[in-house]
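Visitor: I have a model open on my screen. Could you walk me through reading it?
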Amino acid sequence: MLDKKFILSFFLIFVTSLLFSQTDKENEIENVVIQGVKKYKNKKENPAYAIMREVWKKKKSNGLLLHKDYKYKTYEKIDFRLDNIDSAFTKKRAFKGMDSIIFKYNDSSEIAGKAVLPVFITESIFETYGKNDPKKERKDLLATRLSGLKNNQIVSKTIQNMYKDINIYDNTINYLNIGFVSPVSTDGFGVFDYNITDTIEVNTVRSYEIRFTPKNPEALALKGRLYISMDKYNVMKVEMETNKKININFVKKIATDLEFDNPDDSTFIPTRNETTINLVTNDKDKAKSIIARRVANYSDYEFDKGITDDFLNKIVIPEDEMVAKDENYWQTNRTEALTESDQNIYKMYDELADNPKYKKIVKIVEIGNSGYFHIGNGIDIGNIFQSFGYNDIEGVRLRGGFRTYHGKNDMWRIQGYTAYGFRDQKWKFGGEAKYMFNKENRFMIGAGYRKDVLQLGVQLTTDEGIMTRSFASSSVLNSGETTSMSSVNQTNIFTSIEPWKNFQVRLDATTQNIKSADSNLFNINYYRGGVLRTDLNDTRFTTTLIFRPGIKFSTYGVDRYEMTALATNPSLILKYTKGMGGVFNSDYNYNKLQFYYYQPVILGNWGRLFANVEVGKNFDALPLALQNVMPANQSYGLVRGVFSLMNYYEFVADSYAVMFLEHHFNGKILSQIPLIKKLKLREVAFFRSGIGSLKPETISMNAGNLNLSAPNKPYYEYGFGIENIGWGNFRLLRLDFNWRGNYLNHNTSATSEVRKFGVQFGFQANF
């Protein structure tokens with residue numbers, strides 16, 4: 001067995017002052033007199049306030065914003081080191097077979113004499129092009145290399161995504177998806193105490209040194225020093241770090257140093273960003289910790305060269321062979337020399353490459369990351385995370401599958417699955433094949449087929465793909481009956497293209513037969529032309545427009561993996577569906593229009609809000625199987641974007657509008673309560689609402705065992721949750737308490753019961 005602490009550490013890899021007085025005029029900053037540290041009752045009495053007001057005036061008109069367009073180069077180095085290494089640690093069984101390689105590179109020279117084990121390093125060089133009106137950017141990867149792995153873009157991009165370039169003039173700084181108030185924020189005087197401590201030269205520019213400290217030492221906030229130029233009131237340098245009592249899992253401290261320079265009298269541009277994150281497994285002083293440091297140097301600035309929109313919209317795919325450079329390239333283009341410790345990391349992984357135990361560890365990490373076992377000849381078995389489920393129709397459901405996989409940038413993929421229900425004793429199966437012709441515009445075609453049991457009442461704006469999976473058919477613990485399942489026999493062909501960056505156009509043609517999985521428990525019977533029907537044939541064409549500005553991906557093949565860490569980009573989907581009556585015996589002509597909007601927002605140190613809105617309309621009367629079903633969740637598991645106390649098919653609507661709001665306060669409230677704050681719990685609040693209507697013709701054609709009903713007045717539910725429940729840094733449990741606000745006596749069938757209150761739980765890994 002591998003040592004648990006070692007596995008966790010390996011996962012984490014991937015994973016005073018002085019005062020001065022001022023003249024009577026608030027905006028006249030001169031005759032600085034050093035006096036001592038003081039807290040001001042009124043911010044306008046503070047000499048630093050007058051300086052910061054001048055800084056705020058320039059927030060939207062300095063640096064790169066002074067120019068129509070710009071170009072610059074970035075050299076980035078990220079390295080991980082394990083500190084507090086002692087002789088007992090080096091003798092652990094987990095390292096047996098690798099110790100002769102790993103521990104000969106121990107280094108005690110760089111960090112206060114402690115033994116430090118170099119673990120990981122990646123280097124990258126980018127070229128960034130941009131313009132300001134409107135704001136657009138293109139970032140090209142020119143070169144990258146990663147210690148230990150040759151096929152490295154997924155790993156390197158995952159690690160890079162732990163960090164974010166910081167604009168100190170933003171009101172909020174994003175560390176690990178936690179918002180910190182910037183010391184240059186216009187709200188800064190509500191969070192920090194500012195004191196001018198000195199005047200010094202920074203890059204030959206005479207500057208004020210201003211110390212900032214949190215007003216509340218218990219708050220999730222930064223402390224440090226600002227250096228502001230005395231003549232232009234631009235930020236010249238920032239040194240900041242988190243306070244000691246931060247409520248961030250696995251994190252002991254975050255520190256950032258920013259440096260700026262002025263190539264001319266008016267332009268102040270960033271030249272260096274160094275951010276260090278101390279990751280720990282527990283809170284003990286001598287605990288092993290990962291020192292994760294990122295250095296970014298910015299150089300070769302060019303301005304106002306006439307960069308066009310067409311150039312910025314062009315997608316450049318960084319193929320491995322294009323970005324793999326030799327040592328001569330790195331010696332010439334590296335803007336920061338490697339230390340001896342850095343060089344040792346590369347040497348160590350070169351030696352580990354053929355080590356059997358190291359290969360096993362890499363294999364375990366790969367399986368945990370993808371969910372697939374690679375068995376050779378371009379075939380993977382999985383997904384292991386979809387293997388088991390339970391519902392009232394199938395009982396225990398086991399699922400197994402496969403996919404072709406030759407590499408992360410595959411231009412084609414074939415995948416399939418089969419599942420078996422031990423209660424209904426039926427086999428289900430599905431498969432899909434797709435091929436991409438061009439990586440730049442991602443033009444692809446695909447086709448698939450499935451015969452399966454699905455819960456159709458859990459989503460409004462659905463994905464047309466064959467390989468999608470309903471959580472309702474695979475949940476384990478359910479809070480109500482899961483009998484309202486449908487048997488679906490479906491064929492789909494599609495084509496899609498991205499004519500512009502992050503804008504996708506997808507066309508689907510689908511034909512399907514839908515009937516009840518068990519008509520004794522749930523049926524979708526309806527009248528058509530006076531004839532009772534128990535199943536439905538549907539042929540439809542769908543056009544979907546998907547716009548996700550700012551989204552980043554780690555790979556560029558037919559399947560790509562988006563980088564969600566630190567992501568605050570919105571998602572917008574517009575979908576039009578045309579039912580083709582008579583085509584392949586389709587029963588109905590119809591038209592449907594849907595719009596979906598999703599947006600995560602960091603609200604300063606008040607936490608993070610997840611908001612999504614959906615609206616849609618069936619322009620024609622349709623039976624239940626084709627209707628818009630308000631999304632419900634009858635499991636005890638947490639699912640975002642559904643109603644937690646609504647039963648499946650409880651509400652159906654020709655026209656609908658729904659809204660889901662979920663806000664994570666990151667302990668903003670509970671951290672202020674004595675004793676409770678020691679538990680490091682975090683609070684969540686949520687509100688969900690939906691409204692809709694049904695045509696009389698829709699109601700009259702229904703002949704099933706449900707009374708169709710729409711929420712003519714807004715249905716709503718609300719509640720709060722407690723997350724970050726656990727011990728030490730292992731705080732994975734979240735517990736939600738839900739209340740139903742209205743429709744408290746609403747029953748759509750003889751067996752359904754309204755849940756006025758419910759508890760749900762789930763596991764989520766957050767910093």
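Predicted model: local features only at pLDDT ≥ 70, side-chain atom pairs only at ≥ 80, totals over all residues.

Visitor: What is the mean pLDDT of the protein?
Guide: pLDDT is the predictor's confidence in each residue, from 0 to 100. Here the mean is 84, and 87% of residues reach 70 or more. Over residues 109–113 the pLDDT is below 50. That stretch has 6 contacts (heavy atoms within 4.5 Å) beyond near neighbours in sequence.

Visitor: How many strands does the open sheet have, and in which order?
Guide: Strands of a sheet pair through backbone hydrogen bonds, either parallel or antiparallel. Strands here are DSSP runs of E, at least two residues; helices are runs of H or I, at least four; both are numbered from the N terminus. Two strands pair if DSSP finds at least two bridges between them. This open sheet has 10 strands in the order S3-S2-S1-S12-S11-S10-S9-S8-S7-S6, with antiparallel pairing. Its edge strands are S3 (135–146) and S6 (192–202), each pairing on one side only.

Visitor: Over how many bridges do S1 and S12 pair?
Guide: Strand S1 (residues 69–83) and strand S12 (residues 289–303) pair over 13 bridges, in the antiparallel sense. Phe 80 stands opposite Ala 292 in S12. Helix H9 (residues 340–352) packs on the sheet and touches S1, S2 (117–132) and S3.

Visitor: Is Phe 303 buried or exposed?
Guide: Buried means under 20% relative accessible area, exposed over 50%, partly exposed in between (1.4 Å probe, protein chains only). Phe 303 counts as buried because its relative accessibility is 19%. Phe 303 is found in strand S12. Leaving aside neighbours within four places in sequence, its contacts include Leu 64, His 67 and Ile 269.

Visitor: Where is Asn 383 found?
Guide: Asn 383 is in the loop between strand S14 (379–382) and strand S15 (388–391). Asn 383 also counts as buried, because its relative accessibility is 16%. Not counting residues up to four places away in sequence, Asn 383 touches Ser 370, Gly 371 and Tyr 372.

Visitor: Which backbone atom lies 2.9 Å from a polar atom of the Asn 383 side chain?
Guide: The backbone nitrogen of Phe 385.

Notes: Residues numbered from 1 in each chain as written. Heavy atoms only, no water. Polar contact = N/O pair within 3.5 Å; in protein donor to acceptor, adjacent residues only side chain to side chain. Axes fitted to C-alpha atoms, helices over the stretch in contact; angles between N-to-C directions.
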